[in-house]
Amino acid sequence: MRDAVALALKQNPDVVLARYDERKADEAVRIARDPFIPKVVVGSGLAYSNGMPMSIEGSTPSIFQAQGIGSVFNRPQSYRIAAARENRRTAALDTAAKQEEAVWRAAELYIDAERVVKQLDAVRRESDGLERALEAVRARIVEGRELPIEGKKAELMLARARYRRQALEGSVRTAEDALAAVLGLEPGERVRVVTDQRPLPELPPSADAAVQTAFQNSKQIRALESRMLAKGHEVRSAKASWLPQADLVAQYALLGRYNNYDQFFNRFQRHNGQLGVSFQVPVWAGTGARAQGAQSEAEAAQIRVQLRNTRRKLEDDTRRALADVEQAETAQQVARLDLEVAREQVSVLLAQSEEGRAPIRELEEARFAETGKWIDYYDAAAALEKARLAVLRETGTLSAALQ
């Protein structure tokens, strides 16, 4: 199971897609910071002038030009950067949540596949025993020691066992294919589970402790809190649209005499430069910024409602998962006692059969029933292990317990 969990964390499709979203969020922070990073553009405004030199796209005709610009004070953009950083944190939490879900799905499907493999092994042993019993019954019929109807009954028992075996073989293929999909394997690649004995995971000491651990480790709650902080930054960005903005501006130009500068200006200078700050003071920013702020406030209110509902649902799910563990433990105990009774019945009939006081058919019917009890016991054991893992899933400690 540890190998399956490690593979799911590495290449589960949902986890891989979440990592790409996290990468996009990281790049969004760089995009938001871009206005504060100085930019330098070089080029040329080379042109021939007839008469007074005029501007070309707002620049003086020159042999070589270089311009640099970068924001110095832009409060709305600063809040957008803060919002982008919170969105990046949200994306990281979403990736962690996807990893937890992938671990849960891998463990759940592994337990299901392991369960049906154990059941199939029990049914195979049963089929082999029924085939030997059928041969013995046929021999006794030939000897006249059994009625022909006993042969029909033995054939019926074997047919039932083969049908159960065929159904379990299909279940094994289905379970292993589902596990391969969760592990992100390529189409056509198969996975084989290995049955092993492992201790059941430890649970929190009490329901209240489990709920507190769930609140502390919940990726969903932390992601909602991060989204709410991002919306708060968006609201502040919209309100800051009325504040002035300042940009650092620098430019250099290499001029040539062929543009008639010496004819229309008192003094000609080939090397020219400027360095300064450009100020912009919004007089009327329009209604868009205010509407955007109101929209972000509404979205933040929605997130607060979702956060409250998520906390309530997480508490209910955690307590329900603990109750399911108690019920699964009782079911396993019943299945174990039922299996012990069936095994004792087989032992009694085996001793009677060796003494000639019980027919072979009755013994094989008891063994058939015992195999059914084994199947029920494997179902109950798998249900108990999944129930305990479900508690760890709710408390956010599943990955740590399985790695």
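Colleague: Which side chains meet in a salt bridge at 3.9 Å, N to O, in this predicted model?

Modeller: Side chains of opposite charge can pair when their charged atoms come close. Here the pair is Lys239 and Glu297, at 3.9 Å from N to O. Lys239 belongs to helix 6 and Glu297 to helix 8, so the bridge ties together parts that are 58 residues apart in sequence.

Colleague: Is Lys239 buried or exposed?

Modeller: Lys239 counts as exposed because its relative accessibility is 58%, and exposed starts over 50%. Glu297 has a relative accessible area of 40% and is partly exposed.

Colleague: How many salt bridges does a search of the whole structure find?

Modeller: The search finds 32. One of them is formed by Asp21 and Lys24, with the closest N and O atoms 3.8 Å apart. Both residues lie in helix 2, 3 residues apart, which is about one turn of the helix.

Colleague: What does Glu385 pair with?

Modeller: Glu385 forms a salt bridge with Arg198, at 2.7 Å from N to O. Glu385 is in helix 9 and Arg198 in the loop between helix 4 and helix 5, so this pair links parts 187 residues apart in sequence. Glu385 is buried, at 11% relative accessible area, while Arg198 is partly exposed at 23%.

Colleague: How much space lies in the largest pocket?

Modeller: About 630 Å³. Of its 26 lining residues, Ala97, Glu100, Glu101, Gln220 and Arg393 are the closest to the centre. Helix 3 gives the most, with 8 residues. By class the lining divides into 7 nonpolar, 7 polar and 12 charged residues.

Colleague: Which residues of helix 1 are buried?

Modeller: Ala4, Val5, Ala8 and Leu9 are buried. They are on the same side of helix 1 because they cover an arc of only 135° around the axis. Arg2, Asp3 and Lys10 are exposed on the other side. The cover over the buried residues includes helix 2, helix 3, helix 4 and helix 10.

Technical notes: Residues numbered from 1 in each chain as written. Predicted model: local features only at pLDDT ≥ 70, side-chain atom pairs only at ≥ 80, totals over all residues. Heavy atoms only, no water. Buried < 20%, exposed > 50% of the residue type's maximum accessible area, 1.4 Å probe, protein only. Helix = DSSP H or I, 4+ residues; strand = E, 2+ residues; numbered from the N terminus. Arc of directions from axis to C-beta. Contact = heavy atoms within 4.5 Å. 1 Å grid on protein atoms, 1.4 Å probe; cavity = no way out; pocket = protein on both sides within 12 Å on 5 of 7 lines; lining within 4 Å. Points joined across faces, edges and corners; volume = space filled by probe spheres on them. Nonpolar A, V, L, I, M, F, W, Y, C, P; charged D, E, K, R; others polar. Salt bridge = Lys/Arg side-chain N within 4 Å of Asp/Glu carboxyl O.
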